[in-house]
Each structure stands twice: as C-alpha cells, then as structure tokens.
Amino acid sequence: MIEENVKALLSRLEKGNCFGEKVTLVAATKTRTVEEINRAINAGITDIGENRVQEFKDKFDGVIGGNRHFIGHLQTNKVKYLIGKTDLYHSVDRDELVEELSKRSKKAGIVSNVLIQVNIGNEESKGGYPLDDAFSVFLRLRETEGLRVRGFMAMLPAQGTEETLSALCKKMRALYERAKEEDPSIDYLSMGMSGDWELCLKNGANMIRLGTAIFGERNYS
Ligand SMILES: *Cc1c(COP(=O)(O)O)cnc(C)c1O
C-alpha cells in the first residue's frame, strides 16, 4: 500500500508542476511509525517532514535517511532540539521564532534553511504572516544572520471553490517570483497536501507535503 502509493505519486510527479519545474515530495510523517516511514523511503521518498518536536526526536533517529523537514507549528522553547538536525523549516511564522532560530543557529555555527509561512487564507486557526507583509519579511530575513531563506510555505483553507483556491495559489506564486527576482537562490514554494496538491501544482507549487496520500488515513488514538 505505502510502496504503491509512493511509486504512483513519484511517477505522476515526473512531469513536474505547471511550469515543468521539479517537484519535491515531502512525506508528512505525523502519527506514522519508524517502520512505515522507512518503507516509504525504500520506495523512493527522499524527504520527510514532521509536525511535532517530540516525534521528530523520537522517530527520526531510527529512520534510514532522507532530508528532514519540520512542517508544524514550532514553539520557541523547542527550537533547541531541532537545531542542526533539520534541513528545512517550513513554518517560520512569527518574529519570535525568527529570533530564536537565528540565535540558536549562530550559536551552533550553522545556517538554517527556512521558508516563510504565509497565512494565505487569513484564517484565525492558522499561523503565518499576512500576505501583505510577506515580502518585507523576506527582505528582513535575508539579512538575518544564521538563516537562509529558501522560499515560502502556505496551507490553503479547507473550504473553497477551485477558483478561489487557485486564486490564492497564484498570489503565493507571484510572491515567490518577486522574491526569486531579488534572490535567485529562492527555490521552494511549499503548498499542497493530500486534498489539494493537484490544484497547487497547477498553480505553481514546487514542493508538496503529503501524509494521507502516502500512508492512508491517520489514526490519532
Ligand atoms: C499533516 C500535514 C500535512 C499532510 O496532510 P495530509 O492531508 O495527510 O496530506 C501537510 N502539511 C502539514 C503542515 C501538515 O501538518
């Protein structure tokens, strides 16, 4: 099941997004066991992403490889557990977190790769900078020691027509391109989960984060 899902997804992603750009598939591993994650990696998954610091710590030591992403809300007091172990932070959503990541990265003598999270649907329940602030946040983070901005991340609202959701994706893509003009090393637009990844790829995402589509329904009990 996991193996078949991974193979089908990777073959579907070969043609890239709507611009023919390479798409990175990040397996969202929350609630999944080390064994399940390793099966996905053996089937071809190159990138894995966790939401919870505790699970990241407990599980990722036993995982056989893969680039490690942190994709969930990150409390500042837990940054210390992730520093030096995380290839890309997707969820940089507030200044307090920027400061902590910068401070801890400098102290460890490393540069941490980050995406700026944008609250594209202006939803109370979601983190992220407002779209209107995101470009100036990007300019500021570029100058922040210990950090290297690689792009942007967003989660689409669960509700919405194809048209309204596509319009939100296009705004994210425009932001990404504006930043890339300023800094060609910007290379990721992380947008798309199991329910909406096809729509996101049609509108210019080049990194998607899939859990259910790889591992099946989550069981939180
Ligand atoms: C859980 C999660 C995903 C994957 O969700 P699915 O709907 O299972 O694909 C992607 N991104 C984030 C931030 C998540 O928390």
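User: I'm new to this. How does Thr31 count at 25% relative accessibility?

Analyst: Thr31 counts as partly exposed at that 25% relative accessibility. Here's how to read the scale: buried means under 20% relative accessible area, exposed means over 50%, and partly exposed is in between (1.4 Å probe, protein chains only). Before we go on, this is a predicted model, where local features need pLDDT of at least 70 and side-chain atom pairs count only at pLDDT 80 or more, while totals for chains, interfaces and linings use all residues. Residues are numbered from 1 along each chain as its sequence is written, and side-chain values use heavy atoms, with hydrogens and water left out.

User: Where is Thr31 found?

Analyst: Look in the loop between strand 1 (24–28) and helix 2. Those labels come from DSSP runs, numbered from the N terminus: helices are H or I with at least four residues, strands are E with at least two.

User: And what about phi, how do I read that for Thr31?

Analyst: Most residues other than glycine have a negative phi. Thr31 isn't a glycine, yet its phi is positive, near 70°. Asn122 is another non-glycine with a positive phi, about 50°. Asn122 sits in the loop between strand 5 (112–118) and helix 6 (131–142), and it is exposed, at 67% relative accessible area. A glycine case is Gly44, which follows helix 2 and has a positive phi near 130°.

User: Which residues of helix 2 are buried?

Analyst: In helix 2 (residues 34–42), Ile37, Asn38, Ala40 and Ile41 are buried. Now look down the helix axis: these buried residues fall within an arc of 155°, so they line one face of the helix. That arc is taken from the directions from the helix axis to the C-beta atoms.

User: What do the buried residues of helix 2 pack against?

Analyst: They pack against helix 1 (2–13), strand 2 (47–50), helix 3 (53–60) and helix 9 (212–215). Contact here means heavy atoms within 4.5 Å.

User: How many residues does the largest nonpolar core have?

Analyst: A nonpolar core is a set of buried Ala, Val, Leu, Ile, Met, Phe, Trp, Tyr and Cys residues joined through side-chain atoms within 4.5 Å. The largest has 61 residues, and those with the most contacts inside it include Ile45, Tyr89, Leu141 and Phe152. Helix 7 gives this core its largest share, 7 residues. A second, separate core has 5 residues, among them Val26 and Met153. As for Leu141, it touches Val92, Val98, Val114, Ile116, Leu147 and Val149, leaving aside residues up to four places away in sequence.

User: How many salt bridges does the structure hold?

Analyst: Side chains of opposite charge can pair when their charged atoms come close. A salt bridge is a side-chain nitrogen of Lys or Arg within 4 Å of a carboxyl oxygen of Asp or Glu, and the structure holds 16 of them. In one, Glu162 meets Lys202 at 3.5 Å, N to O. Glu162 lies in helix 7 (residues 162–182) and Lys202 in helix 8 (residues 197–202), so the pair ties together parts 40 residues apart in sequence. Lys202 is exposed, at 55%. Salt bridges with shared partners also join Glu50, Arg52, Glu55 and Lys59 into one network. Within it, Glu55 and Arg52 meet at 3.0 Å, N to O; Glu55 is buried at 15%, while Arg52 is partly exposed at 37%.

User: Which way does strand 5 run beside strand 6?

Analyst: Two strands pair if DSSP finds at least two bridges between them. Strand 5 and strand 6 (residues 147–154) run parallel and are joined by 7 bridges, with Leu115 partnered by Gly151. Strand 4 also runs parallel to strand 5, with 2 bridges; there, Val92 stands opposite Ile116.

User: Which hand does the unit of strand 5, helix 6 and strand 6 have?

Analyst: With the strands pointing away from you, a crossover is right-handed if the path from the first strand over the helix to the second runs clockwise. Strand 5, helix 6 and strand 6 form a right-handed β-α-β unit.
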